[in-house]
Amino acid sequence: MSETPVFQRYEREPAKRVFAAELRETTHHFKEGTEDKSPTFVLLPTGERCNRVFLVGVLTEKKKSEGDAVFYQIKIKDPSGFFYVSAGSYQPEALHQIATIESPSHVAVIGKPNVFQAPDGRFLVSVRAESVAAVDKSVVDCWILDAATRTLERIESTEETPDRIKSKEIYNHSPEVWRKMIRDALTTIEI
Amino acid sequence: MELKQITQRISEKFAAAGHQIDPAKIEEKLSRFVVEFGIPEDEAERSIISEYARQFGVESVIGTVTHKVDDSAVNLIADAQSGDWVTLEGVVTVLFESRSPAVAQTGILADRSGTMRFTIWAKAHAPVLELGGWYRFESAVVDEYNGQLSFKVHSGTTVSPLAKEEIPPLTITPIIDLPRGVVSLEGKVVSLTERTTGPMHLSGVIADGTGAIRFTVRQGDPTSGIEEGGWYRFDYAIADVYRGAMNLQLNAGTFVEPLTEDRSLRPAIISVNEIKPGVVCLRVKVVQEYESSSERMFQSGVLGDESGTVRFVTWKDGGDERLIPGTVYTIYYASADEFNGRPSLTINGATCLADEAGNIEVKASGDEVTGALVHISPGSGLIKRCPVEGCGRVLTRQNYCQIHEIQPNYQYDLRIKGWIDNGRQTWDTIISREGVEKLLGLTLAGAQEMAENNPLGLETVYYHLCEQVLGRYLTCQGRIIENRLLTSNCSFLTFDPTRHADLINRVEVTNNE
């Protein structure tokens with residue numbers, strides 16, 4: 001546990017707050033820059049790029065891969081649907097954390113979204129976990145408010161950024177779809 | 001323009017530099033450019049000048065023109081751009097010592113729009129400029145060096161002193177509205193300090209009903225006889241921006257006239273969160289006094305009012321008024337600067353009146369960030385610090401300090417290093433021992449015990465913190481310094497029913513289902 005010297009100050013990509021229903025509809029991914037290590041992004045249907053997500057929900061399924069390499073796939077439910085999250089030997093921290101969490105549990109996940117195309121042409125989005133933590137119900141409720149706020153900000157933004165213009169070309173969701181999703185999510189919170 | 005005129009101008013320019021060129025030759029060349037090849041006249045003039053300049057080896061003197069400005073009108077310093085040929089009228093506010101025999105004089109010229117550095121080449125044979133004198137420069141060339149504009153006086157530039165009646169008249173400007181450049185104002189000298197070192201001879205503050213401004217008088221300037229507490233009219237002073245604030249320079253060209261009528265001055269008191277670089281008046285409580293960190297410092301600490309807090313310092317040169325912690329003061333005409341992106345007050349020269357009976361509820365200072373702790377970095381948890389005084393570096397597992405090597409008598413500390421993220425922005429944060437203790441109810445002693453009773457040792461504490469804090473929403477209070485948040489106090493965010501209701505309303509309102 002020694003200090004890691006920071007030679008270069010860098011801007012860490014913020015972890016976007018996205019409901020499962022929106023992340024599931026995401027199909028476009030791209031790379032910023034041409035280098036091998038350049039960051040990859042997915043383009044959210046609400047018009048922002050996303051290289052990292054922070055999500056909170058209920059871990060409902062935990063699957064350990066068969067074979068030599070340890071690999072976990074977990075399913076996490078939020079009010080709008082499911083997130084598919086995985087962790088392999090390149091994510092030792094997340095792997096270790098998932099191993100200790102039983103389903104069902106409330107969990108918070110920080111990870112990187114990826115878009116895959118299945119042989120039948122469908123797009124699948126999964127999140128490669130960086131960290132997973134068991135949390136209590138109050139964090140879930142706070143996250144729903146947080147995700148609702150950020151999603152509303154994205155659909156209400158009138159700034160014509162290149163990402164927003166691009167997302168309008170690729171996706172054709174009415175903002176009302178997302179409003180309904182947000183409202184439904186908010187009403188799942190019992191006061 | 002007639003080719004003959006251009007010819008004459010070119011030939012005069014080189015004649016002034018000591019090179020005679022047959023005008024017929026110039027005109028023939030010019031006519032080839034313009035008539036035969038259809039080159040625009042100014043372009044042709046430039047080509048010919050630079051050709052001859054190269055031929056005579058006088059490029060630096062003649063310069064090249066990229067853009068010709070009508071030379072009959074006077075240009076403003078503020079409008080000048082690199083490459084312009086300009087006519088300027090202004091006052092010489094500073095003369096620097098020349099560092100090169102090629103330079104006759106160098107200094108700063110000011111007009112009503114701003115100030116600009118100038119260089120007079122020795123070969124220009126220009127008249128010697130006097131400090132505080134007003135001059136007209138015809139056909140000077142503006143260029144840029146290190147992003148700063150300056151103008152050059154070369155042999156083709158005509159320099160002539162302005163007669164008194166040619167000096168542009170000025171109107172009195174309230175201090176708050178002072179623009180850059182040559183200005184006139186009336187005000188009271190509310191503070192005056194004599195300097196024994198540095199190029200500034202006097203410095204102080206001039207105030208009127210609208211505000212206050214710092215002023216300086218350079219060594220050797222004859223502007224003398226001004227006294228603290230007196231009202232004066234200042235004509236042809238120079239206002240310029242220095243470290244984010246407008247400053248006033250009184251120089252040889254400034255006329256200072258005492259005002260005999262007695263005027264009252266009501267300074268405008270502002271709140272701490274309104275402080276901007278410049279001169280300010282405040283009503284504040286002394287929140288804290290720091291131990292002096294420098295030989296030159298007389299006192300430093302923190303002042304505050306209902307709107308926030310600000311650091312202050314009093315330097316030893318002439319500062320002898322110690323502010324008493326816990327006491328409320330009205331401080332007139334303190335100097336505000338920006339230091340590390342935060343305002344900082346200098347009390348020297350200010351007037352501080354204690355209000356023994358007064359009290360102020362000071363607003364807690366600092367920054368607040370609410371977000372999720374998305375990463376906990378190595379170096380979090382129970383750490384060992386170097387015990388050498390003033391060091392405190394984190395030791396490696398082998399108790400090794402980068403500077404002081406092996407330190408077996410280390411001191412334990414507790415902290416969380418990580419990233420706090422609100423979905424739009426991330427902050428590299430360090431939560432201090434106090435912050436961790438309050439957040440988790442885990443004391444430093446408790447953490448030590450935890451480490452001692454567990455085979456994993458120090459790492460136990462690290463895993464404990466990850467389990468308790470990672471992925472949680474925190475509200476952190478502290479200070480942001482260059483995207484790093486130093487958290488001294490933090491708490492877990494709890495569900496806010498009001499925010500929930502607001503969001504439901506917000507999402508419903510525009511829903512047309």
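This is a predicted model: local features need pLDDT of at least 70, side-chain atom pairs count only at pLDDT 80 or more; totals for chains, interfaces and linings use all residues.
# Exercises on helices, strands and a chain contact

Helices α2(B) and α3(B) cross in a right-handed way. Residues are numbered from 1 along each chain as its sequence is written, chains are lettered from A and ligands numbered from 1 in the order in which they are written.

**Exercise 1. Describe how α2(B) packs on α3(B).**

Step 1. Find the helices. Helices are DSSP runs of H or I with at least four residues, strands are runs of E with at least two, and both are numbered from the N terminus. Helix α2(B) covers residues 23–36. Helix α3(B) covers residues 41–56.

Step 2. Take the geometry. The angle between α2(B) and α3(B) is about 135°, and their axes are 9 Å apart. This makes α2(B) oblique to α3(B). Axes are lines fitted to C-alpha atoms, for helices over the stretch in contact, and angles run from 0 to 180 degrees between N-to-C directions. Under 35 degrees is roughly parallel, over 145 roughly antiparallel, 65 to 115 roughly perpendicular, and the rest oblique.

Step 3. List the partners. Contact means C-beta atoms, placed from the backbone, within 7 Å. From α2(B) come B:Ile26, B:Lys29, B:Leu30, B:Phe33 and B:Val34. They meet B:Glu41, B:Ala44, B:Ser47 and B:Ile48 of α3(B).

Step 4. Sort by class. This contact of α2(B) with α3(B) has six nonpolar, one polar and two charged residues. Nonpolar covers Ala, Val, Leu, Ile, Met, Phe, Trp, Tyr, Cys and Pro; charged covers Asp, Glu, Lys and Arg; the others, Gly among them, are polar.

**Exercise 2. Find the buried side of α5(B) and what covers it.**

Step 1. Helix α5(B) runs over residues 433–440. Its buried residues are B:Gly435, B:Val436 and B:Leu439. Buried means 20 or more other C-beta atoms, placed from the backbone, within 10 Å of the residue's own; exposed means 12 or fewer; partly exposed is in between.

Step 2. Look down the axis. The buried residues of α5(B) fall within an arc of 95°, so they line one face of the helix. The arc is that of the directions from the helix axis to the C-beta atoms.

Step 3. Look for the cover. It includes β24, β25 (426–431) and β27 (484–492) of chain B.

Step 4. Step past the end. B:Gly441 follows α5(B) and has a positive phi, near 65°.

**Exercise 3. Examine the backbone at B:Tyr236, B:Tyr333 and A:Pro104.**

Step 1. B:Tyr236 has a positive phi near 60°, and this residue is not a glycine. B:Tyr236 sits in strand β10(B), residues 231–242. It counts as buried, with 23 C-beta neighbours inside 10 Å.

Step 2. B:Tyr333 is not a glycine, yet its phi is positive, about 60°. Its strand is β17(B), residues 328–339. B:Tyr333 is buried, with 22 other C-beta atoms within 10 Å.

Step 3. Turn to chain A. The peptide bond between A:Ser103 and A:Pro104 is cis, with omega about -5°. A:Pro104 lies in the loop between α2 (92–100) and β7 (105–117) of chain A.

**Exercise 4. Describe each chain, then their contact.**

Step 1. Chain A has five helices and eight strands. Of its 191 residues, 41% are buried.

Step 2. Chain B has eight helices and 27 strands. Of its 513 residues, 36% are buried.

Step 3. 32 residues of chain B are in contact with 32 residues of chain A. On the chain B side, the elements that give two or more residues are β20 (367–376), β24 (411–421), α7 (458–469) and α8 (497–509). Helix α8(B) gives the most, with eight residues. By class, this side of chain B has 15 nonpolar, ten polar and seven charged residues.

Note on methods. Two residues are in contact if their C-beta atoms, placed from the backbone, lie within 7 Å. A crossing is left-handed if the near helix is turned anticlockwise from the far one by less than a right angle, and right-handed if clockwise.
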